[in-house]
Amino acid sequence: MIKRIVKYGGTNGVAFVFDTSLLYILDLITGINRVYLAFFCYICGSLVSFVLAKRFVFPKGWLQEKPAIEFSAYIFGGIIGAVMTAIIFAVLIEAGINNILTQKIIAGFFSFFTVFLYRNFFVFKK
């Protein structure tokens, strides 16, 4: 389990850099509320995460013969993480913490473990 968490951390590190970079760029060039951007970018990062985690982290699970359902279940985990991220962003903004990187790191810490548990024990269970 620890080995899988470390691998998941590595693949999600790549997804985190992608979604944080996208978040930063969109925050600079658009006037869209950062809470909504954080949600959207987290979903984009989940797409990157899916490709990497399927290849490097999780064994073939009970949904391997149903790729559309497996993908949907994986992305549902991304939606869970995105909602958590958006809520944490909103709470941090309300608390006066407006640094985008600080917001993203704090939100990422909480969503990482929650989403890992969901994906490990539901999406890719044997």
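**The salt bridges, pair by pair**

Tutor: Let's start with Arg 34, which forms a salt bridge with Asp 27; their closest N and O atoms are 2.8 Å apart. The term means a side-chain nitrogen of Lys or Arg within 4 Å of a carboxyl oxygen of Asp or Glu. By this rule the count comes to three salt bridges.

A quick word on the ground rules. This is a predicted model, so local features need pLDDT of at least 70 and side-chain atom pairs count only at pLDDT 80 or more, while totals for chains, interfaces and linings use all residues. Residues are numbered from 1 along each chain as its sequence is written, and side-chain values use heavy atoms, with hydrogens and water left out.

Next up, Asp 19 and Lys 104 have side chains that meet in a salt bridge, at 2.8 Å from N to O. Asp 19 sits in helix 1 (residues 2-29) and Lys 104 in helix 4, so this pair ties together parts that are 85 residues apart in sequence. Helices here are DSSP runs of H or I with at least four residues, numbered from the N terminus. Both Asp 19 and Lys 104 are buried. Buried means under 20% relative accessible area, exposed means over 50%, and partly exposed is in between, using a 1.4 Å probe and protein chains only.

Then there's Lys 54, which forms a salt bridge with Glu 70, again with closest N and O atoms 2.8 Å apart. Lys 54 is in helix 2 (residues 34-56) and Glu 70 in helix 3, so the pair links distant parts of the chain, 16 residues apart. Lys 54 counts as partly exposed because its relative accessibility is 34%, whereas Glu 70, at 1%, counts as buried.

Conventions
Helices (H or I, at least four residues) and strands (E, at least two) are DSSP runs, numbered from the N terminus.
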